[in-house]
Amino acid sequence: MARLIDHIGHVKLLPHRLPPFQSLTHAVIHQQLNGKAAGTILGRFRALFAENGFPTAEAVLKASPERLRGAGLSRPKASYVLGIAK
């Protein structure tokens with residue numbers, strides 16, 4: 001490994017950190033789903049809100065569980081996401 005580091009140089013990786021609300025919401029949506037299905041639901045979840053990027057906790061709190069379910073979240077996951085937003 002030392003020879004490789006001498007040849008290439010030190011790898012400068014920076015962790016990709018999301019804000020806590022976004023990180024926890026991602027984790028809930030991805031639970032027990034394959035990546036493609038979770039990505040689709042996450043995209044639909046984000047599309048529910050007019051904001052660019054990821055919705056704020058305040059915006060999510062204004063949504064009903066039924067609205068979140070319309071994006072593909074199960075009843076429990078919609079409840080968890082609303083709980084995280086609180």
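Select I29 to begin: this residue lies in helix α2, where helices are DSSP runs of H or I of at least four residues, numbered from the N terminus. The model is predicted, so local features need pLDDT of at least 70 and side-chain atom pairs count only at pLDDT 80 or more, while totals for chains, interfaces and linings use all residues. Residues are numbered from 1 along each chain as its sequence is written, and side-chain values use heavy atoms, with hydrogens and water left out.

I29 counts as buried because its relative accessibility is 0%; buried means under 20% relative accessible area and exposed over 50%, with partly exposed in between (1.4 Å probe, protein chains only). Display its contacts, defined as heavy atoms within 4.5 Å. Leaving aside residues up to four places away in sequence, I29 touches A38, I41, L42, F45, L73 and K77.

Next, colour the rest of α2. Its buried residues are F21, Q22, T25, H26, V28 and I29. Viewed down the axis of α2, they fall within an arc of 165°, so they line one face of the helix; the arc is that of the directions from the helix axis to the C-beta atoms. The cover over these buried residues includes α3, α4 and α6. After α2 comes Q32, which has a positive phi, near 60°.

Move on to α3, residues 35-47. With 13 residues at 1.5 Å each, α3 should span 18 Å, which agrees with the 18 Å between its end C-alpha atoms; the expected span is 1.5 Å times one less than the number of residues. Buried in α3 are A38, I41, L42 and F45. Down the axis of α3, its buried residues fall within an arc of 105°, so they line one face of the helix. On the face turned away from that buried side, select the exposed residues K36 and A47. Among the elements covering the buried residues of α3 are α2 (20-30) and α6 (75-85).

Of its 19 residues, F45, F49, V60, L68 and L73 touch the most other members. Two or more residues come from each of α2, α3, α4 and α6, and α6 gives the largest share, four residues. End on L73: beyond residues up to four places away in sequence, L73 touches I29, I41, F45, L68, A78 and V81.

Note on methods:
Core = buried A, V, L, I, M, F, W, Y, C linked by side-chain atoms within 4.5 Å.
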